[in-house]
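Reader: I have not seen this structure before. Please take me through it in a few questions.

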Amino acid sequence: MVAQMIEGWNLVIGIEIHAQVNSKSKLFSSSPTDFGSKPNSQVSLIDAAMPGMLPVINKFCIEQAVKSGIGLNAKINKKSIFDRKNYFYQDLPQGYQISQYKDPIVGEGFVEIETENGQKKIGVERLHLEQDAGKSLHDQDPNFTFVDLNRSGIALMEIVSKPDMNSPEEAVEYVRKVRSILRYLGTCDGNMEQGSLRADVNVSVNKPGNELGTRCEIKNLNSFKFIHAAIVYEAKRQIKLIEQGDSVNQETRLFNTQSGETRSMRSKEDAHDYRYFPDPDLLPLTLDDDWIKGLQDSIPELPDQIKERFINEYSLSSYDANIIVSDKATSEYFEDVVKNRNPKLVTTWVTGELFSILNKKNLIIEDSPITSKQLGELVDSIENGKISNRQAKEVLEEMCESGKGALEIIDEKGLSQISDENEIESLVDNVLNSNPENVKKYKNGKDKLFGFFVGEAMKLSKGKANPKIVNDLIKKKLSQ
Amino acid sequence: MEFDKKSLLKLGKLARISISDDKLNNLSTDLNSILEFVDQLKDIKTDQVDPTSNSLNQKLEVRDDKVDTKNSAEDILENAPEKEMDFFVVPKVIE
């Protein structure tokens, strides 16, 4: 539907991601960064911009920015500078945001995303460190705005992409990928609901071959769904304007999550005159080669590498590997289960049955009611023929409800499959001996009766006999 | 560079400082003489010199990622002209 509407038009999308550094204290003060605390309870005199206060930078935040840069295949700048971005707003007590302008800590890099036309490289323009602003509440009182400065001064990494995305799907994939990399690195928790990761999306449309259109920026999107919806709406809106003979104004817009529409923020005159200049309170940040090298060596395996490894080591399909590595917790869970087990069976049970249970219960894998060890036991029971696939599904559901282990449930329910050849042989003999007529007919060419014998033997075992062994034995006996 | 009245009014607006008409002329003269003074720096040849963002020849001091809460919401709101339910209260801002 999106493609139809946009047919004949080029979509150009660039994204700024604001990712909160996973630090205990703020970028330039020792205030805590906990989410959901009492308003204004995490505000130091620095955060409140009291006169005479001086910012001192958090070493951990510098490390996280550099690590993230390495994860984004980017150039680490050995010298970077903090600037003041000046604007007047009630949730910015300093009257300026400390950010990085001309000399960011991280330069150009890229990430690879999966698209329907295969792999695509999305350029990263830069990553810089900056302070978050406070929070304004406009709906508490008809005449006043309420301000909470708890978020003021928290360290953000702003990751700016090149305008390399051409569809809402690519935009979502890009944000997913960056989020996944940051989560693997542990530099940002990626919690979009709590605002730890949010995206500003720049959208423009043009006719193929023509020059780029005027772009609009949609601010503060905090879910993949909203990113997608906002881009679709915005592209449609711009195309409609141009087709009517109007032009697109370059402006900042807000996405209304209720109506799914974007609307212009009341145009702020001179809003973009930020008068950046180097912050005189902060010296240039210099990094030395050995220190950067040390961080490079500490980088864990990232999703692209793990995907490669899963494909080589466990013969996973690219599709399955992608699903598993897109989330750090999922790939860790998978690796826990797959150790010394059949990868194909484990993949099916993790991405199929387990995921469907988690989806139904609206849980993330970290909160899975079934631990990786428990799922492993279940897979073992299938692998060694103790229970059938069908029985295993039943057991999994029971595990989820009761929290009991697979073996315990199999015992309790008497589900255990009979795989003992002697036991099954006596069952088969019993069936064949009590049906001499049918045996005769079969031997005279009535092949269809084979199923009858299998059915009888299974019935006799109350469904517990291993069907494969039953089949093999009947075949063997009837051919004697 | 020269400050005309228009750019002076714009600067005042950005800084939320109102400048009355009778002060505009004096202020403009003052600012321009400051700029003229600073403009002397342009005579120095700097094409071989890296931009200087800070004249102190020192490394940036850093601190460890440790939480140290020295004040409560009550402390921080003490000087606020208007407060309610632990929030700062300001005139309605609509976007």
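This is a predicted model: local features need pLDDT of at least 70, side-chain atom pairs count only at pLDDT 80 or more; totals for chains, interfaces and linings use all residues.

Reader: Which pattern does chain B follow along the sequence?

Author: Chain B has three helices and three strands. Read in sequence order, their pattern is α-α-β-α-β-β.

Reader: Is chain B compact or spread out, and what is its radius of gyration?

Author: Its C-alpha trace spans about 55 × 45 × 25 Å along the principal axes, and buried residues are 6% of its 95 residues. The globule rule gives 12 Å for 95 residues, and the radius of gyration is well over that, so chain B is more spread out than a compact globule; the value is 22 Å.

Reader: Which element gives the most to the side of chain A that touches chain B?

Author: On that side, 42 residues of chain A are in contact with 36 residues of chain B. The elements of chain A that give two or more residues are β2, α2, β9 and β16. With five residues, the one that gives the most is β9(A).

Reader: Which residue is the bridge partner of A:I57 in β1(B)?

Author: β2(A) pairs with β1(B), residues 62-63 of chain B, in the parallel sense over two bridges. In β1(B), the partner of A:I57 is B:V62.

Reader: Is A:E335 buried, exposed or partly exposed?

Author: A:E335 lies in helix α8 of chain A, residues 328-338. A residue counts as buried at 20 or more other C-beta atoms within 10 Å and as exposed at 12 or fewer. A:E335 has 17, so it is partly exposed.

Conventions:
Residues are numbered from 1 along each chain as its sequence is written. Chains are lettered from A and ligands numbered from 1 in the order in which they are written. Helices (H or I, at least four residues) and strands (E, at least two) are DSSP runs, numbered from the N terminus. Two residues are in contact if their C-beta atoms, placed from the backbone, lie within 7 Å. Two strands pair if DSSP finds at least two bridges between them. The radius of gyration is taken over C-alpha atoms; the globule rule is 2.2 Å times the number of residues to the power 0.38.
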